[in-house]
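Here is a short briefing on one protein model. Look at the structure first, then read the points by topic.

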Amino acid sequence: MLNKIPKILSPELVKILMEMGHGDEIIIADGNFPSASCAQRLVRADGLSGTDILDAVLELFPLDPYGEEAPVSLMEIVPGDTVETPIWDEYKGIVKKHNASFKDFNFIERFEFYERAKKAFAVIATGEGALYANVLIRKGVVVD
């Protein structure tokens with residue numbers, strides 16, 4: 001146990017977050033995401049929600065404000081799919097809580113998102129049941 005480390009973060013996940021450098025990306029995947037087939041490094045967080053994991057991760061590092069796209073990206077809805085995505089509003093509230101200057105998400109087409117996940121530093125496989133609840137975050141520079 002350590003002070004100030006959210007208790008839902010496993011030692012394995014804390015180690016991975018510490019090993020990440022600025023500009024590295026990590027995926028917080030919902031329960032339907034093909035995490036095992038996409039991940040270079042897979043962290044299991046079964047039974048935990050995407051919102052709780054996002055909140056805990058952003059407690060530990062800032063987002064990268066540099067780059068052509070926003071530091072937080074979501075998998076866009078497949079054209080013709082009529083699903084609702086209320087979790088996106090929850091994600092936005094969490095990101096704004098930790099990064100007041102955050103404006104909006106970048107959206108990535110489904111198969112492009114899979115390719116980004118294959119290149120990401122790690123994939124966190126959650127038990128999140130909401131559809132289209134996959135989120136990519138880019139780590140920024142940690143300063144004292």
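Contact here means heavy atoms within 4.5 Å. Helices (H or I, at least four residues) and strands (E, at least two) are DSSP runs, numbered from the N terminus. This is a predicted model, in which local features need pLDDT of at least 70, side-chain atom pairs count only at pLDDT 80 or more, and totals for chains, interfaces and linings use all residues. Residues are numbered from 1 along each chain as its sequence is written, and side-chain values use heavy atoms, with hydrogens and water left out.

**Helix α3 against helix α4**

- From α3, the residues Gly50, Thr51, Leu54, Asp55 and Leu58 meet Ile87, Glu90, Tyr91, Ile94, Val95, Lys97 and His98 of α4.
- The residues of this contact divide into six nonpolar, three polar and three charged. Here Ala, Val, Leu, Ile, Met, Phe, Trp, Tyr, Cys and Pro count as nonpolar, Asp, Glu, Lys and Arg as charged, and the others, Gly among them, as polar.
- An α-helix has 3.6 residues a turn, so residues three or four places apart point the same way.
- Helix α3 covers residues 50-58 and helix α4 covers residues 87-98; their axes come within 10 Å and cross at roughly 15°. That makes α3 roughly parallel to α4.
- Axes are lines fitted to C-alpha atoms, for helices over the stretch in contact, and angles run from 0 to 180 degrees between N-to-C directions. Angles under 35 degrees count as roughly parallel, over 145 as roughly antiparallel, 65 to 115 as roughly perpendicular and the rest as oblique.
- The α3 and α4 crossing is right-handed.

**How covered is α3?**

- Seven of the nine residues of α3 are buried, so the helix is mostly covered. Buried means under 20% relative accessible area, exposed over 50%, and partly exposed in between (1.4 Å probe, protein chains only).
- The buried residues in α3 are Gly50, Thr51, Ile53, Leu54, Ala56, Val57 and Leu58.
- Their cover includes α1 (11-19), β1, β2, α4, β5 and β6.

**The sheet**

- Six strands form an open sheet with mixed pairing, in the order β2-β5-β1-β6-β3-β4. Two strands pair if DSSP finds at least two bridges between them.
- The edge strands are β2 (42-45) and β4 (106-108), and each pairs on one side only.
- On average, neighbouring strands of this sheet are turned by 25° against each other, direction ignored.
- Strand β1 (residues 25-29) pairs with strand β6 (residues 135-138) in the antiparallel sense, over four bridges. Ile27 has Leu136 in β6 as its bridge partner.
- Helix α3 packs on the sheet and touches β1, β2, β5 (122-126) and β6. The direction of α3 makes about 140° with that of β5.
- Helix α5 (residues 110-119) also packs on the sheet, touching β1, β3, β4, β5 and β6. The direction of α5 makes about 130° with that of β3.

- β3 and β6 run antiparallel and are joined by three bridges. Leu74 has Val135 in β6 as its bridge partner.
- β3 also pairs with β4, in the parallel sense, over three bridges. Here Leu74 stands opposite Phe107.
- In β2 the side chains alternate.
- β2 and β5 run parallel, joined by four bridges. Arg44 has Ala125 in β5 as its bridge partner.

- Pro62 sits in the loop between α3 and β3 (72-75). Pro62 is partly exposed, because its relative accessible area is 29%.
- Beyond its neighbours within four places in sequence, Pro62 is in contact with Arg138, Lys139, Gly140, Val141 and Val142.
- Thr85 is in the loop between β3 and α4. Its relative accessibility is 16%, so Thr85 counts as buried.
- Lys103 lies in the loop between α4 and β4. Its relative accessibility is 69%, so Lys103 counts as exposed.

Conventions
Left-handed = near helix turned anticlockwise from the far one by under 90°.
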